[in-house]
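Dear colleague,

My notes on it follow.

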Amino acid sequence: MIKRTLLALVAGSMLSISAQAGVVFEDNFDLEAGAAGSSALNYNNFDQWSVSNGTVDVVSNGGWGIHCAGNTGKCVDLDGSTHNAGMFSSDTFNLAAGIYSLSFDISGNQRTGSNDNLQVTLDGFFNQSFNLAYNSLWQTVTHTFTVNSDTSNNLTFNHAGGDNIGIMLDNVSLHSVEVPEPGTFALFALGLAGVGFLRKNQKV
Ligand SMILES: [Ca+2]
Ligand SMILES: [Ca+2]
Ligand SMILES: [Ca+2]
């Protein structure tokens, strides 16, 4: 009976640990702007984003000679077509205390002209500016951070200027990282101790 209880405890604590990981926010923009293959200038009907103080464009891979990340789907030109780059803001999401990983793909504007400037902010956890030449290749930016107490937040991509050709954005992702919380870890340690106890007391 004790053995069965302890084994259940070990299994239970392992389940708790694997349940820690998960998607908080994710978007590849591939389903925006209608049918596959269609682009939309000054688009503001995003499923998980709002655009303010200017505009952004949705570009389908190959449109205007622009290639999205992975050379497929759709992506976002953070400087729309009104000579006023918009503030691109994600919907609000909840962050429980824990460890998270943020990642997104950006490239230069892939057309011409001077460098572009972009400020990316996840208030209190990430605030970084990027200055990219037009021919900067797609790169994945990643950042891991710790949230100490439950909060809600959102991501903003704030492109500077407005000459209608801006830094391209794709594959935004925010995941919780698979780590045991202190309480779970204690349970897990207790489970391991239980295994040790069983081994020690098992008759050979
Ligand atoms: Ca995409
Ligand atoms: Ca544009
Ligand atoms: Ca520009």
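**Disulfide and calcium sites**

The link of Cys68 and Cys75 is left-handed, with -75 degrees about the S-S bond. This is a predicted model, in which local features need pLDDT of at least 70, side-chain atom pairs count only at pLDDT 80 or more, and totals for chains, interfaces and linings use all residues. Residues are numbered from 1 along each chain as its sequence is written, chains are lettered from A and ligands numbered from 1 in the order in which they are written, and side-chain values use heavy atoms, with hydrogens and water left out.

The structure holds 1 disulfide (a pair of cysteine sulfur atoms within 2.5 Å). The sulfur atoms of Cys68 and Cys75 are 2.1 Å apart. Cys68 is buried at 1% relative accessibility, and Cys75 is buried at 0% (buried means under 20% relative accessible area, exposed over 50%, partly exposed in between, with a 1.4 Å probe and protein chains only).

Asn28 is partly exposed, at 35%, whereas Lys74 is buried, at 1%.

The calcium ion (ligand 3) is coordinated by Asp116 (OD), Asp163 (OD), Asp163 (OD) and Ile165 (O), at 2.2 to 2.7 Å. Here the donors follow the spacing D-x46-D-x1-I. Asp163 is partly exposed, at 37%, and Ile165 is buried, at 17%.

With kind regards

Note on methods. Donors are N, O and S atoms within 2.8 Å of the metal (3.2 Å for Na, K and Ca); water is not among the atoms, so sites may look incomplete.
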